[in-house]
Amino acid sequence: MSHRPDRSEHPAYPVGLRLAGRRVVVLGGGTVAQRRLPALLAAGADVLVIAPSVTPAVEAMAEAGELRWERRAYRPGDLAGAWYAVVATDDAEANAAASAEAEESRVWCVRSDDAEAATAWTPATGRVEGVTVAVLTGRDPRRSAAVRDAVVEGVRDGTLSAPRHRARRAGVALVGGGPGDPDLITVRGRRMLAEADVVIADRLGPRDLLDELPPHVEVIDAAKIPYGRAMAQEAINEALVEQAKAGKFVVRLKGGDPFVFGRGMEEAQALAEAGIPVTVVPGISSSVSVPGAAGIPVTHRGVAHEFTVVSGHVAPDDPRSLVDWAALARLRGTLVLLMAVEKAGAIADALVEHGRDPKTPVAVVQEGTMAGQRRVDATLATVAERIRAEAVRPPAVIVVGEVVAVGRYAGGAVGGVDGGAR
Ligand SMILES: C[S@@+](CC[C@H](N)C(=O)[O-])C[C@H]1O[C@@H](n2cnc3c(N)ncnc32)[C@H](O)[C@@H]1O
């Protein structure tokens, strides 16, 4: 007497199918099929969709030549030549018939309507750092997805320790740390930090993240590197080269984005000259995020069609200045001034002198996205006095333009990113 195994008692056997160039038949073109298709296409499968109608996204894939679509219902024999089948129509009879054909012809088959009747299950999958994570929990797809998310996220942000045995990182990563809130570093930046042997950090940026580093990671304060007769920047470049040559993976953690007034390219060039590999990880620049955190959009429909980011570290009449303040004064859009607290009065005077209205709204946002965030409102005519009276200190971003008034309404201001200051 033949013994029918109770399949529900047994866990699925996990396997990675190598589908490149192999026929996969997808029956149905609705949202289930749409969700399955990208991974099949990414695996290089030769996908045939059979369905009387499909979603616009699936149709777009067909139009782009990524898959073939036969506009009709399932017919017996459709699985001929297939290695794998996805049965996901809204016709129960067709699903059962296709599933029976799959069983008959030994084609592994997933079913959207009846997992128990299927011969294969789709795991919750994710890819991170060249690793494919696939999770099966039997009949609990939400739990599979939750476990998948936890693993992917953990590997991505470095909280799940997964050392690279084959390819340990080498060289230097210039990482933009964002404006200061530790949540505003990029996922890639955080991952680099988790793999660092040495971190050379600036005063600005997400310094709270440094406390989370394991004890073996050496943290060097860039401001404290002794530079003797050389320039401070040269000493930092030398420290980067020296640490990397000692075989360490070095993260150069910078505030905002490394290439926005961050001297990132100088460091990248020094490293390239020394033959050291450099990875640049962009960051969220304070020039956009700090105004946003204070409820100020740098552009707004009907108000400002451009924004210009300007360094205010030298006064307009300083011969070292490369800024054409007369041209900036003629622009109608938003001016975002960095490093400008000290010279704000001289800059405002230059803008007014060249034609900008002295009543133009101005906001000064100090320590944006950090615990001490505050915003001081003024106009071009009053900004210097307001900075003095309110004892505003760097770091601060100064925003000039009508956008400053946009987030304001009778009775208060619209909260910024994440509701404003933390
Ligand atoms: C040397 S620049 C570096 C800019 C950085 N690379 C970026 O993309 O944000 C330093 C200036 O950025 C601005 N800044 C940076 N972080 C800030 C923050 N959290 N709040 C206010 N201003 C900030 C200030 O104007 C500061 O003087």
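Visitor: Into which domains is the chain divided?
Guide: Residues are numbered from 1 along each chain as its sequence is written. In this predicted model local features need pLDDT of at least 70 and side-chain atom pairs pLDDT 80 or more, while totals for chains, interfaces and linings use all residues. The bounds come from an automatic or database domain assignment, and the division is into domain 1 (18-122), domain 2 (126-157), domain 3 (172-284) and domain 4 (287-419).

Visitor: How far apart do the C-alpha centres of domain 1 and domain 4 lie?
Guide: Domain 1 covers residues 18-122 and domain 4 covers residues 287-419. Between their C-alpha centres the distance is 56 Å.

Visitor: Which residues of helix α5 are buried?
Guide: Helices are DSSP runs (H or I, at least four residues), and a residue is buried if 20 or more other C-beta atoms, placed from the backbone, lie within 10 Å of its own. In α5, which spans residues 187-195, the buried ones are Gly189, Arg190, Arg191, Met192, Leu193 and Ala194.

Visitor: Which element gives the most to the shell around the ligand?
Guide: Of the 24 residues around the ligand, those that come nearest are Gly256, Val260, Ser285, Ser286 and Gly368, where near means a C-beta atom, placed from the backbone, within 6 Å. Two or more residues come from each of α9 (286-293) and β17 (396-400). With three residues, the element that gives the most is α9.

How values were computed: Buried ≥ 20, exposed ≤ 12 C-beta atoms within 10 Å, placed from the backbone.
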